[in-house]
Every structure is written in structure tokens, then in C-alpha cells.
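User: I would like to learn how the local features of a protein model are read. Please take them one at a time, with the general idea before the case.

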Amino acid sequence: MVITSSFLFSSLFSYFQAKQSLRDEILSSSLPLLSENIYSELRHELSVPINVSSSMARDSFLMNWVLDGENEIEDIKLYLGNLKSRYGFFSTFFVSSSSRNYYYYDGILKQISPYDSHDIWYYDFINSQKELDLDVDTDQASNGVLTVFINYRLEDFSGNFLGVVGVGVRLDQLSDLLKQKKTQYDRDIYLVDEEGIIQVHSDLSLIEKINIFKEEGISSVAEQLMETEEFPIDLIYKKKNDHFLVSSKSIPEIGWHVIVEQNEERGSFFAKRSLFINLLLTAAITVLLIIASYKILKSFEQQMELLASTDSLTNAANRRELEKQFKLLEYRSKRFNSDLSLILIDLDDFKSINDNYGHIAGDTVLKEVTFTLQKSIRPIDLLARWGGDEFVILIEAPRDEAALKADRMVHSFDKPSNVVHNGKEVPVSISAGVAVFKEGDSLKSLIEKADKALLHSKAKGKNCVTLSD
């Protein structure tokens with residue numbers, strides 16, 4: 001839990017740090033630079049039509065043609081047609097204040113009227129007293145194609161208002177530019193006018209339909225976005241459950257603003273992917289640690305159980321295990337009326353082995369004796385080291401059968417000894433005493449009976465078996 005918690009904490013901390021760093025980088029560098037870049041490109045795209053419209057508003061030919069009564073229609077057609085073809089504009093036009101004629105490159109399109117919804121732009125522009133204005137509208141001269149019109153006031157040398165001149169640029173040209181930048185930078189980019197209405201967008205269906213002052217989320221920062229002039233402003237707003245990073249840059253020549261925004265969640269994709277990978281690694285490492293810990297603890301537990309139940313030198317059962325197993329066998333004997341016998345074994349002259357060959361040789365003898373005795377008993381029997389050179393065997397068998405087994409054990413050491421120390425064979429022999437469990441016996445009393453029988457074996461010359469009474 002500690003390791004997993006540490007991994008999770010470090011992963012989440014790294015994720016939020018990366019996310020905050022990414023947010024700071026986007027707000028302080030990426031979005032402002034992009035808005036400046038878009039601003040520069042849009043200015044470049046609009047500079048030619050704006051300059052041409054400005055030149056038209058100062059063209060002496062056009063002023064004189066209006067002042068002369070607008071008589072030669074072919075002259076104005078030729079004038080507007082030449083400008084259209086020379087610069088590749090979608091439209092060129094002049095609207096006269098005196099005749100209210102709407103002239104374009106093919107002649108007179110119509111007469112404007114305050115009652116025609118398509119002509120409201122003209123009266124709004126006159127009332128605004130602006131010298132220049134941009135208007136997004138459908139071009140009636142070209143089957144209603146959505147167009148950005150650059151409108152300029154035409155005045156005579158005395159400052160008297162003569163009408164409005166300008167050019168039209170297909171809106172899809174600017175929209176394609178924004179669409180290209182959106183694909184390139186993975187940002188939403190659009191232009192809004194002073195009222196916050198979208199004028200240019202990669203999605204043409206949103207143009208003049210969305211007002212950022214009324215749109216959910218961005219409306220909370222719309223006023224601040226529209227206050228920008230010289231430098232980009234960077235803000236954050238929330239829409240539903242997502243956070244959006246947004247930058248705004250003013251285009252003072254036309255009174256519009258470049259808006260660049262990014263969904264923070266989309267921008268933090270790599271941070272999320274890194275977090276996901278870290279969490280997978282954390283889960284994998286945690287599982288491996290759990291498995292490793294389980295195996296280590298299981299092994300340790302088994303070793304502890306082994307140490308608690310076995311003799312460290314011979315690996316035979318120790319006294320604690322002997323007492324535990326005796327209780328089980330005692331219960332079985334009483335419950336099922338089965339026989340239970342105990343064999344007490346002692347090495348003959350073990351002290352002389354230690355004295356003559358050393359304690360290391362004595363330890364080797366004890367191990368070999370344990371190994372030999374273990375081979376002589378059944379898996380269900382128990383061999384335990386009682387202490388020093390004494391061993392106890394618990395066996396579920398009547399006294400005579402136990403005595404027979406004990407005799408075989410004694411004679412298994414008659415052959416030449418397989419214990420060798422410093423190139424010399426160490427002679428080994430054992431003596432045994434056998435006692436049978438009876439009602440009322442305890443482990444202590446049973447061993448005492450077997451010990452008396454063992455003493456008789458020693459008295460009889462050793463290397464033999466004696467049964468208790």
C-alpha cells in the first residue's frame with residue numbers, strides 16, 4: 001500500500017505539474033504567438049483589398065465621374081472591371097449617394113433602399129461616420145456568395161459625401177486560411193467584430209450566427225477579450241466540464257479581433273497518455289511486488305514453521321513438534337482404539353566419538369543417524385531429536401511390530417560405517433527401548449518407560465532393543 005500510494009502520488013503529481021506547465025506554456029507563448037501569426041497573415045490577406053479600396057476613395061477619376069452626373073455607364077463599368085481583373089477580387093462596386101445606384105463591374109446592379117435588408121449595411125455605414133468598414137454579406141451580383149466587403153467613404157475635395165466604394169473578397173478564401181491554420185496548430189481560430197459576432201470562421205455555418213457575448217462559457221471572458229488592442233490577451237474559461245484557453249488580438253484597421261482557443265483537455269493529451277502509462281506501470285509493478293512479497297513471505301513463513309518444528313542440526317522434528325504430534329496421535333488412539341508405540345534411541349558411546357574424532361565428526365554422525373532412521377520409518381511416523389544423541393520415534397503400531405522395526409534400525413548400523421572423518425571410518429551403533437501407549441499415559445510417562453527399557457539395552461551390552469513392561 002505504501003509503495004502503490006507513493007507511485008500514485010508521484011504519477012498524479014507529475015501529471016498535474018505537466019498539465020500546469022503545459023497550460024502556462026500555451027497561455028504565455030503558444031496562443032499569443034499564434035494569434036500574432038494569424039493577425040499578421042490576415043493583415044497581409046486584407047491589406048491589398050483595403051489599400052485598393054482606399055485608393056478608389058481618393059481616385060480623382062471616380063470623383064469627377066460622379067460630379068459630372070454619372071453619365072457614362074461604360075466608364076464606371078470599365079473602371080470597376082479593370083480593378084477586379086487586375087487584383088483578382090471577387091467584386092468591385094460603387095454606391096452613389098445622389099442616384100442611389102449600385103454600380104458594379106457589369107453595370108448597375110440595383111438602386112439601394114432603406115427597406116431592403118441587403119442595403120442596411122449602407123445606411124449603418126453612413127451613420128457610423130467611419131472612413132472604413134468591413135461587412136460580411138451575400139453578394140447579390142454573384143448568386144449570393146458569402147463575401148467580405150471592404151467599404152470606404154467617397155468624398156469630394158470639399159469633404160462632401162458622394163457615396164461608398166469598395167471591393168469584395170470571397171469569405172471562403174479567409175475561411176480556408178483559418179481552416180489551414182486550425183489543422184496545422186490544432187486550435188479553433190475565428191474573427192469577431194466589435195459586437196462579438198463571428199465574421200470569419202473555418203465553419204461557414206457559424207458566421208454571423210454566433211455572438212461570443214451570448215455563447216456559453218466564453219461569454220464570461222468576452223468583455224476582456226474585446227478590450228485588447230496592442231498586445232494579445234490570454235484567458236481561461238470553462239464550458240460544461242472542459243476548460244478552454246483563449247487568446248485575443250485586435251486588428252485595429254478593421255475593428256475586428258482574432259480569437260484563438262484550445263480545449264485544454266485536448267492539449268493535455270500527452271500528459272494524460274503519460275499518466276495512463278504510469279498508472280499501468282504502477283499497477284504492473286504493484287502486482288509484481290505483491291506476488292514477490294507473497295512468495296517471500298510464504299517462504300519466510302515456511303522457514304519459520306520449519307525452524308519452529310525441526311531441529312536445526314539434523315532436520316528431525318524438535319521437542320515442540322513431538323509434543324504437538326503426540327497430542328494428535330493420542331487423540332487418534334483414544335478415538336479409534338488404535339495402537340501407539342514410542343521408540344527411544346540412543347547412540348552408543350557418543351561421548352567417545354566426540355572425544356576421539358571431535359565435535360564436527362559428532363555432528364556428522366548425528367546427521368547420518370537421522371538420515372538412516374528416516375529411511376527406516378513410514379511417512380506417517382514421526383522422528384524427533386529428543387536431545388543430545390537421543391531420538392524418539394512415534395509409530396502407530398502395536399508393541400511387537402514397533403520392536404521389530406526398532407530391531408531393524410539397530411541392525412542397519414551393523415554394516416561398515418558410512419561416516420568418514422579425516423579419512424577414517426567412525427564406528428556407529430545404537431540402542432533402543434520400546435514402550436506402548438496405555439490409558440493415562442502422557443508423553444513424559446511414555447518416554448520414561450521407553451528410557452527404562454533403553455537402560456536395559458545399555459546394560460545388556462548395547463546395540464540391541466528392549467521392550468518395556
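This is a predicted model: local features need pLDDT of at least 70, side-chain atom pairs count only at pLDDT 80 or more; totals for chains, interfaces and linings use all residues.

User: How many aromatic pairs does the structure hold?

Analyst: A pair of aromatic rings is described by the distance of the centres and the angle of the planes. Rings of Phe, Tyr and Trp (its six-membered ring) pair if their centres lie within 6.5 Å; planes under 30 degrees apart count as stacked, over 60 as edge-to-face and the rest as tilted. The structure holds 12 such pairs. In one of them, the ring centres of Phe93 and Phe149 are 5.8 Å apart and the planes stand at 80°, so the pair is edge-to-face. This pair links distant parts of the chain, 56 residues apart: Phe93 is in strand 1 (residues 91-96) and Phe149 in strand 5 (residues 145-155). Helices (H or I, at least four residues) and strands (E, at least two) are DSSP runs, numbered from the N terminus.

User: Are Phe93 and Phe149 buried or exposed?

Analyst: Buried means under 20% relative accessible area, exposed over 50%, and partly exposed in between (1.4 Å probe, protein chains only). Phe93 is buried at 0%, and Phe149 is buried at 6%. Another pair, Phe94 and Tyr103, has centres 6.0 Å apart and planes at 10°, so it is stacked. Phe94 is buried at 0%, as is Tyr103 at 1%.

User: Which residues form one aromatic cluster?

Analyst: The cluster is formed by Phe93, Tyr102, Trp121, Tyr122, Tyr123 and Phe149.

User: Which charged residues lie over a ring?

Analyst: A charge sits over a ring if NZ of Lys or CZ of Arg is within 6 Å of the ring centre and within 35 degrees of the ring normal. The charged end of Lys84 sits over the ring of Tyr105, 4.9 Å from its centre. Arg335 lies over the face of Phe336, at 5.3 Å from the ring centre.

User: Which residues other than glycine have a positive phi?

Analyst: Among them are Glu70, with phi of about 55°, and Gln129, with phi near 60°. Glu70 lies in the loop between helix 2 (60-67) and helix 3 (73-87), and Gln129 in the loop between helix 4 (120-128) and strand 4 (132-139). Glu70 is buried, at 8% relative accessible area, whereas Gln129 is exposed at 60%.

User: What does the side chain of His257 reach?

Analyst: A polar contact is a pair of N or O atoms within 3.5 Å; within protein, one must be able to donate a hydrogen and the other to accept it, and residues adjacent in sequence count only if both atoms are side-chain atoms. The side chain of His257 reaches the backbone oxygen of Met226 at 3.4 Å. His257 lies in strand 11 (residues 256-263) and is buried, with a relative accessible area of 6%. His257 and Val192 are 65 residues apart in sequence and 5.4 Å apart in space, C-alpha to C-alpha.

Terms used: Residues are numbered from 1 along each chain as its sequence is written. Side-chain values use heavy atoms; hydrogens and water are left out.
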